[in-house]
Amino acid sequence: MARKLFTNLRLVDMRPGATGAQPPDGTAIGVEAGRIALVVQEAELPSEWRKAEAVDLGGRLVTPALVDCHTHLVFGGNRANEFRMRLEGAGYEEIARAGGGIVSTMRATRALSEDELVVGALPRLDALIAEGIATVEIKSGYGLTVEDELKMLRAARALGRQRPVRVVTSWLAAHAVPPEYTGRADAYIDEVVLPGMEAGHVEGLIDAVDGFCEGIAFSPQQIGRVFDRAKTLGLPVKLHAEQLSNLGGAALAASCGALSADHLEHLDAEGARAMARAGTVAVLLPGAFYFLREKQAPPVSLLREAGVRIAIATDCNPGSSPLTSLLLVMNMACTLFGLTPEEALAGATREAAAALGLSAEIGTIEPGKRAEFAVWDVEHPAELAYRMGFNPLHRRIVEA
């Protein structure tokens with residue numbers, strides 16, 4: 001396999017402890033067989049690399065390719081009407097209990113074929129790729145029958161074949177109780193969530209198992225049943241937790257060794273400590289906080305004090321975060337949640353990779369990792385979080 005050498009760049013490698021405040025000029029990255037083989041100053045380049053195909057990046061800033069670790073990218077329809085209702089005073093729970101919310105998207109998603117779901121999701125995926133994303137997580141959760149949930153994950157896999165991007169899938173059948181199971185959430189778990197998980201696992205469609213632990217969704221005990229089955233299948237877990245209330249979902253997720261607990265607006269100190277002990281990543285979703293006009297932000301100070309790793313993501317979905325810009329999320333994480341620009345960039349690279357269990361593969365630029373970079377027309381890495389509505393990506397590099 002031919003070697004390729006990327007030269008004349010300023011590197012922010014995102015290794016722990018590396019802030020990237022003053023990235024040095026003249027770094028070179030050597031790539032072979034799709035992997036990073038060396039990272040050195042050009043003056044120290046080994047002789048055997050001096051004849052490699054060279055790509056001059058013009059002194060630009062280079063970071064790891066971005067990672068969107070929490071999306072609901074595959075769905076049918078839109079909920080612009082609910083947006084209008086919310087502006088007139090209707091609340092998230094009020095809309096959901098009235099048959100809107102997730103159930104509204106369920107109906108639209110069930111009505112579409114796999115191919116139609118792919119066609120609808122491609123523009124959203126393309127918007128993410130255009131900002132330097134090379135890995136995106138996509139959840140099910142809007143079909144709420146075995147076949148419709150599997151259809152969503154098949155569409156997600158198809159997206160990964162149609163675009164040069166890694167798609168990581170999550171089984172989120174425990175997202176809402178569909179109308180045909182009203183008042184029978186346990187039966188829904190028995191008849192849809194668990195057998196569908198097994199079928200999806202056999203088909204190779206599921207990389208992780210997720211759930212929504214809330215009063216309008218599933219209790220900790222019900223989520224515990226889902227996670228127990230995931231464990232028997234060898235599937236990692238993650239959880240939507242403490243978004244609208246504190247039901248102890250984060251601590252439950254941590255007790256199950258979850259990759260991440262996401263949202264976390266109502267997280268308490270006990271939950272933060274449990275996450276830290278388990279190595280469970282906190283995934284903050286400022287798009288939903290902003291769109292729903294929430295007042296209680298996630299307790300970032302508690303997460304820092306406990307030593308919990310913090311990732312950020314778009315939470316792209318039709319109801320609470322119709323957002324396809326991880327760069328804007330970086331800005332929101334700073335302005336709304338108080339992250340530093342360095343924390344925001346780490347949250348969209350290194351920590352997002354950890355939230356997907358992919359730290360050994362992506363998220364930093366160092367030998368052995370996959371060669372996936374974002375090349376930026378900026379002077380300082382803080383500009384990536386500073387600007388709003390502006391995309392300074394020069395080039396996304398994904399070497400196979």
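This is a predicted model: local features need pLDDT of at least 70, side-chain atom pairs count only at pLDDT 80 or more; totals for chains, interfaces and linings use all residues.
User: Which residues of H4 and H5 meet?

Analyst: Contact requires heavy atoms within 4.5 Å. From H4, Glu114, Leu117, Val118, Ala121, Leu122 and Leu125 take part, and they meet Lys151, Met152, Arg154, Ala155, Ala158, Leu159 and Gln162 of H5. By class, nine of the contact residues are nonpolar, one is polar and three are charged.

User: What makes S9 and S10 a strand pair?

Analyst: Pairing requires at least two bridges. Four bridges join S9 (residues 238-241) to S10 (residues 260-263), and the two strands run parallel. Leu239, for instance, has Ala261 in S10 as its bridge partner. Between S9 and S10 the chain passes through helix H8 (residues 249-255), in a β-α-β crossover that is right-handed.

User: How do you know that S10 also pairs with S11?

Analyst: The requirement is at least two bridges, and S10 and S11 (residues 281-284) have three, in the parallel sense. Here Ala261 has Ala282 in S11 as its bridge partner.

User: Which helix belongs to the β-α-β unit of S10 and S11, and what is the hand of that unit?

Analyst: Helix H9 (residues 269-278) makes up the unit together with S10 and S11, and the unit is right-handed.

Key
Residues are numbered from 1 along each chain as its sequence is written. Side-chain values use heavy atoms; hydrogens and water are left out. Ala, Val, Leu, Ile, Met, Phe, Trp, Tyr, Cys and Pro count as nonpolar, Asp, Glu, Lys and Arg as charged, and the others, Gly among them, as polar. A crossover is right-handed if, with the strands pointing away from the viewer, the path from the first strand over the helix to the second runs clockwise.
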